Amino acid sequence: MAFDIPASVRPVRDAVHAFMTERVEPAEPVLRRGGGEAADLVAGLQREAKAEGLWALGHPKELGGGGLPFLDYVYVNEVQGRSEFGQLALGTYTLQDSLMLHRHAGAEQRERFLEPLVRAEINPSFAMTEPGISGSDPTQLTTTATLEDGEWVIRGRKWFTTFANRAAYTTVMCRTEPEGTSPYLSFSMILVPTDTPGYTIVRDTPVLGLDGGHCEVLYDEVRVPEGNLLGPRGHGFVIAQERLGPGRIFHCMRFLGQAQRAFDLMCARLHERTAFGEPLYKKQLLQQHVFDSYAEIQSARLLTLQAAHKIDSGEQGLGAEARVEIGVVKVVAARMLNNVVDRAVQVHGAEGLTDDTPLGHMYRHARAGRIFDGPDEVHVTTTARRILKEYGKGGNWEFALR
């Protein structure tokens, strides 16, 4: 079929799958505890990935990456996503930031941040969301940056700046243009080193009981050079859309990797456990869990791959011609993952609620996936509006031709 894994991709995908199942997944208990032992373990995994040619596979070759084409990397991302630590171990956690710098950063910023980023010598962070402001309407953002004597002076507060507590810099979305400017051309992205005076980490905001490095950061008269502007002034939202379109496809493929793992655990459990005189797999109610999970995983997978193909073939590139498809898969894949992990927890009973399986962590990350990168409701609304707009113009949405 059209979405079979290409033969050219299969060897590297198989190698990544083996790396994940044999080395990353068994290391998860230590990695989740954090501390020095976890840091040493991550460094060791990264060295092994580099030695085996599995490092930074989605990054362009000219940046020191593996140079996999977009669609090839989509298939690899599916197995890399089996563990929350896959991106970190294989050097792809920085991909969206690296590509953003590659397209828009000046020479000085490329040298300072981009090259060490791909080598995993430093970590990035990205600041858009603000406390007290609806994240689904970013035109309300209040953090400002004013140009004073050749420096940007940033004032405001951000949160959910993931890994700001271990990052070398943060890309900050700020209002830079005067009142009356189009709201979608009023914001810019500015690179802020995290050791800049006035940059203060207020707290690591726990998410469903997990301390995941989602930091709240105060910007108190933070001053950086004018050259730290990323891309054209006022084009922050344009750059954000470049970042988010393909990024959502990568997220959805990782959701599928998590769902595959949960599905495997669920089906294995149904064969291992006996209740009321027979194996669980003979219980019709539990067979329903398998059927529903299969249908949802396969539907989400095909929708995601179809969106990826449309991005790859679009003349404008970067998802500009696949916004309906991207909006749909973001919602469908996140809901699918919640449902599949929930069923796997149910099949495991009380054990599924403990940390004796990875399902508890997967469950909490899955729930967050319906909010991060835009809540379901926003994607549902914008997608429906785009489809209805075609009918309003006298056209239609013929699926066979889309």
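Biologist: Is the crossing of α9 and α10 left-handed or right-handed?

Modeller: The α9/α10 crossing is left-handed, that is, the near helix is turned anticlockwise from the far one by less than a right angle.

Biologist: And at what angle do α9 and α10 pack?

Modeller: About 155°, with the axes of α9 (residues 284-313) and α10 (residues 323-348) 9 Å apart. That makes α9 roughly antiparallel to α10, a label used for angles over 145 degrees.

Biologist: What kinds of residues make up the contact of α9 with α10?

Modeller: They divide into 14 nonpolar, 6 polar and 5 charged.

Biologist: OK, new topic. What pLDDT does the protein average?

Modeller: The average is 93, and 98% of the residues score at least 70; pLDDT is the predictor's confidence in each residue, from 0 to 100. Over residues 315-319, though, the pLDDT is below 50. Beyond near neighbours in sequence, that stretch has 10 contacts in the model, meaning heavy atoms within 4.5 Å.

Biologist: What ground rules apply here?

Modeller: It's a predicted model, where local features need pLDDT of at least 70, side-chain atom pairs count only at pLDDT 80 or more, and totals for chains, interfaces and linings use all residues. Residues are numbered from 1 along each chain as its sequence is written, and side-chain values use heavy atoms, leaving out hydrogens and water.

Biologist: Where does Ala 56 sit?

Modeller: In the loop between α3 (35-51) and α4 (70-80). Ala 56 has a positive phi, near 50°, despite not being glycine.

Biologist: Is Ala 56 buried or exposed?

Modeller: Buried, at 0% relative accessible area; the cut-off for buried is under 20%, with exposed over 50% and partly exposed in between (1.4 Å probe, protein chains only).

Conventions. Axes fitted to C-alpha atoms, helices over the stretch in contact; angles between N-to-C directions. Helix = DSSP H or I, 4+ residues; strand = E, 2+ residues; numbered from the N terminus. Parallel < 35°, antiparallel > 145°, perpendicular 65-115°, else oblique. Nonpolar A, V, L, I, M, F, W, Y, C, P; charged D, E, K, R; others polar.
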